[in-house]
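Thanks for coming. I'll go through one structure this morning, a piece at a time. Please have a look at it before I start.

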Amino acid sequence: MQISGAEIVVRCLQEEAVEFVFGYPGGAVLEIYDAIFKQQQFKHVLVRHEQAAVHAADAYSRSSQRVGVALVTSGPGATNAVTGIATAYMDSIPMVVISGQVSTPAIGLDAFQEVDMVGITRPCVKHNFLIKDVKDIAPTIKKAFYIASSGRPGPVVVDIPKDITQQLTEFNYPESVSIRSYVPVAKGHPGQIRKAVSLLLGARRPYVYIGGGAVQGNASEEVRELVRMLGLPCTNTLMGLGAFPGTDPQCLGMLGMHGTYEANMAMQNCDVLIAVGARFDDRVISVPSHFLSQPKKIIHIDVDPSSIAKRVKVDVPIVGDVKLVLRDILDLLRQNEQRPDPAALASWWRKIEEWRSHNSLLYTPSDELIKPQSVVQALFKVTGGDAIVTSDVGQHQMWAAQYYPFNEPRRWINSGGLGTMGFGLPAAMGAQLANPDAVVACVTGEASIQMNIQELSTCKQYHIPVKIINLNNRYLGMVRQWQEFFYGNRYSESYMDALPDFVKLAEAYGHVGIRVDKPADVEPALREAFALKDRLVFLDVITDQSENVFPMVQNGKGLDQMDLPPHMRDIQQVPFENNRDYGNMC
Amino acid sequence: MRHILSIILENEAGALSRVVGLFSARAYNIDSLTVSTTEDPTLSRMTIVTHGSEDVIEQITKQLNKLIEVVKVIDLNESEHIEREMMLIKVRATGKDREEMKRMADIFRGRVIDVTEKTYTIELTGTSEKLNAFIEAIDRAVILETVRTGASGIGRGERVLKI
């Protein structure tokens, strides 16, 4: 039987067992929406802006390990989706975005709502397709799901002209897919794995550096086993939080620009480093030449060969699925009775404990002003450390990452690579729909939340009971912090005047709003909010405007040249030589 | 250092723009690029001449391999190879220049493929250096137009790049 291209699109999504499609209708996708109307198998979530559809699909994927799906119309629908696609691309999130396109005879004629979607998204997708024949819809969507979810995952765009969705053909969904030019590596090279094991066993100051690849590659269990088997110190990157439990003493916390003192000092001073699904980016190691100025041997496991030796030359590159590579490493370690020199390791741990004893995340509490860090700590307490936390971008994001120790992967959902403000709320929607029984909190700021605040309406329509914790300091906090540090306190355009009354705003959208402006009220307000299990609660928390994020590694400085919080200012760090290297920095 | 990369990729719409977009997005250099279909009409073969440090060339190769439509990439510099480029050059050929241009074309084993009273169009094939040498050897003032294809490269001997 022949069915329309639009019906084929819907059947393909059903074949892929898609649960939710996040989208927004429009002219070029009307046929597809009509086909969606006639089916019951998956649910469509109508957002209020296409960017939010893509973020929601993205977070659905991050929190569920499944491929997220978004559907947008041509032209502005497609361009609105681009920020979401780029966000997913930078964080390697498997996603399929279907965009409508003007009919094939109109392509290239500057038709109404026409945009070259394949051209616009080319640099920020893993791959994209423009379908030109109705017979290609099923095989292309099959390929799109396969490409998105295999190897190093990423978003795939499928652009479908309207006339193609109207044409008829037989529907056959391919059982399997093979692409001669795309064969992701799975198993690591055995010789390299043996080298890695011998380096690890000979280490005197070993360190495990765990990135987002360990989360996306579902290698959390293997990472834990490795760290515990050898008694190693480890650190999670911003994208890797939760891969190794944040409350475990073997974890030194997050590293990087706003990493803990001990995590950064260990990174700089280790002698053997094993990087697991991490990419040595500028926000983590800062200046490569300074990072390598203390000699160290580096083992780098990554599914993407181009991540290896991109910023830092490594000694033992291992290309492969991190989970499978770690399993092979663990097998070899189990067969081998040798362990890293216990005396050397003990002395390394003593050094680490000395660094840790400074408590670099200490801040001065206040009875008058609400310290933003204390709000995150209270959130941890009230949720028992068990929530899925999404965030936007800025100071609040760093405080959430620093003060909410994640003990499981896929609980911390943030835009680490692209740094997209406006990510938090739609991400919370996607995470809540993927995990209806989970407690989902969105830690945000008064600037970020306004970049996708219209989604409060979507939350109302679908009864999405996320809790929004708005750390409201009336500033673009991170911009203000940089202006304070580097631009002589000239707060150029970083002050948010004319803020809305967020409580009334939440109420106008049909939700519960609570304003908190006293430190003593923070925890009770959080308890009240989380007790309202079936309601979205918007907590507008008025925080100390002057608070900064510490420690901080400035651009161009090394990991052992941190700006430390006031109580640590007398610590002697490595002097700052003028080794600014702005290549790859921003 | 100058490198010649040979790439086999799917002969699909948009594949070329992915390669070119990659070079511009990551600030790599393209000195020349040639592309055409192969004996297998589903595949195209591309030769890119680029330059950069060994680290940059390694990244270029890896990033190219990452493109879904790229089937194979080799750096021809890694072993013996041959490269050829063709140039069509139109020169003024009047008075004593007319004889001189013909002589120069012969020395460089070029062929005059179009003639008017005032011009010659010369076809010249060889390495890029040879074409440069020809341009250097003649009087700049007589050059009216040059068109170069960019280098195509192939491995020497029995070594083949095939899928």
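In which strand of chain A does A:Glu170 lie? It lies in β8, residues 168–170. Keep in mind that this is a predicted model. A:Glu170 has 11 C-beta neighbours inside 10 Å, and 12 or fewer counts as exposed, so this residue is exposed.

Next, helix α2 of chain A, residues 30–37. Its buried residues are A:Glu31, A:Ile32, A:Ala35 and A:Ile36. Looking down the axis of α2(A), we find them within an arc of 145°, so they line one face of the helix. What do these buried residues pack against? In chain A, they pack against β1 (2–4), α1 (5–15), β3 (43–46), β4 (68–72) and α7 (162–166).

Now to a sheet. Six strands of chain A form an open sheet with parallel pairing, in the order β11-β10-β9-β12-β13-β14. At the edges are β11 (251–254) and β14 (316–319) of chain A; each has a single partner strand, so one side of each has no neighbour in the sheet. On average, neighbouring strands are turned by 15° against each other, ignoring direction.

One pair in more detail: β9 (residues 206–210) and β10 (residues 234–236) of chain A are joined in the parallel sense by three bridges. A:Val208 has A:Cys234 in β10(A) as its bridge partner. Helix α11 of chain A, residues 261–269, packs on this sheet and touches β9, β10 and β11 of chain A. The direction of α11 makes about 105° with that of β11(A).

That's it from me.

Conventions: Residues are numbered from 1 along each chain as its sequence is written. Chains are lettered from A and ligands numbered from 1 in the order in which they are written. This is a predicted model: local features need pLDDT of at least 70, side-chain atom pairs count only at pLDDT 80 or more; totals for chains, interfaces and linings use all residues. Two strands pair if DSSP finds at least two bridges between them. Helices (H or I, at least four residues) and strands (E, at least two) are DSSP runs, numbered from the N terminus. Axes are lines fitted to C-alpha atoms, for helices over the stretch in contact, and angles run from 0 to 180 degrees between N-to-C directions. Two residues are in contact if their C-beta atoms, placed from the backbone, lie within 7 Å. A residue is buried if 20 or more other C-beta atoms lie within 10 Å of its own, exposed if 12 or fewer, and partly exposed in between; C-beta atoms are placed from the backbone. The arc is that of the directions from the helix axis to the C-beta atoms.
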